[in-house]
Amino acid sequence: MQKWVEGTVVNQKRWTDTLFTLYVDAQIEAFEAGQFAKLALAVGDEIVARPYSFVNAPRGRPHEFYYVTLPGGPLTQRLCRLESGDTIYLAPRPSGFLVLSEVPDGENLWLISTGTGLGPFLSILGTDAPWQRFGQVVLVHAVRHPEELTYRDSIARLLTERTGRMRVVSFVSREELSGTLHGRIPAAIEDGRLEAAAGVALSAARSQVMICGNPEMVSDTTEMLGRRGMKKHRRRDPGHITVENYW
């Protein structure tokens, strides 16, 4: 266990039958908003570990992790049963490149997520960086069912704190819900509904886009943005799109 830091569960919030937020107190190295930590539990004679993004901003405590349980998942089926005071292990050093320090400047910043991919963007929005570097920030969160539109209080608070600087667009793919867009993000980019809902340009000339969520959404959205002249950002070849797949 020497390579792991022992943490303590502070609380666990259950959003739906499969969506949870775990709050953990642990002394690990500093992280940059958008990064992830590896969480681990002992399962028999083995340590089972998976990466989970921080939802809390770097200065916030306790550490907060938003996750979905998977049927038969060796870790998530145990995570969701943890209670206050239980022990969990964390890798000492956070990792990941879904961070604003890797993103070029632009007029506006789009944060496009599905499901628990929302988590790292909440961490980023809890820092000063996006507001210092971009005139407008658009948070996009897509889910299947209305009850999966979580963290609404946190998002409402951000909208109040950043009046006129932040827009939020929610998608529900399998039900019709007033105030949300129906269907998939790539289709809404193609037909212009996403830009219309946000009231912010989505273009190579003005925008930087960070995408986090299921691989199909990430791939299809990247492809759709490519039709607008946007490309993946690389240090040696600056672009407009920074991505992270969420499984």
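Biologist: How many aromatic pairs does a search of the whole structure find?

Modeller: A search of the whole structure turns up 7 aromatic pairs. Keep in mind that this is a predicted model.

Biologist: What describes a pair of aromatic rings?

Modeller: Two things: the distance of the centres and the angle of the planes. Planes under 30 degrees apart count as stacked.

Biologist: Where do Phe31 and Phe54 lie?

Modeller: Phe31 is in the loop between strand S2 (19-25) and strand S3 (36-43), while Phe54 is in the loop between strand S4 (46-53) and strand S5 (63-68). The pair therefore ties together parts that are 23 residues apart in sequence.

Biologist: Are Phe31 and Phe54 buried or exposed?

Modeller: Both Phe31 and Phe54 are buried. Now take another pair, Tyr52 and Tyr67: their ring centres are 6.1 Å apart and the planes are at 70 degrees, so we call the pair edge-to-face. The cut-off for that label is an angle over 60 degrees.

Biologist: Which strands hold Tyr52 and Tyr67?

Modeller: Tyr52 is in strand S4 and Tyr67 in strand S5, so to speak two distant parts of the chain, 15 residues apart, linked by the pair. Tyr52 has a relative accessible area of 12%, so it is buried. Tyr67 is buried too, with a relative accessible area of 1%.

Biologist: Which residues do ring pairs link into a cluster?

Modeller: That would be Trp15, Tyr66 and Tyr151. Trp15 also has a charge at its ring: the charged end of Lys13 sits over it, 4.6 Å from the ring's centre.

Conventions
Residues are numbered from 1 along each chain as its sequence is written. This is a predicted model: local features need pLDDT of at least 70, side-chain atom pairs count only at pLDDT 80 or more; totals for chains, interfaces and linings use all residues. Side-chain values use heavy atoms; hydrogens and water are left out. Rings of Phe, Tyr and Trp (its six-membered ring) pair if their centres lie within 6.5 Å; planes under 30 degrees apart count as stacked, over 60 as edge-to-face and the rest as tilted. Helices (H or I, at least four residues) and strands (E, at least two) are DSSP runs, numbered from the N terminus. Buried means under 20% relative accessible area, exposed over 50%, partly exposed in between (1.4 Å probe, protein chains only). A charge sits over a ring if NZ of Lys or CZ of Arg is within 6 Å of the ring centre and within 35 degrees of the ring normal.
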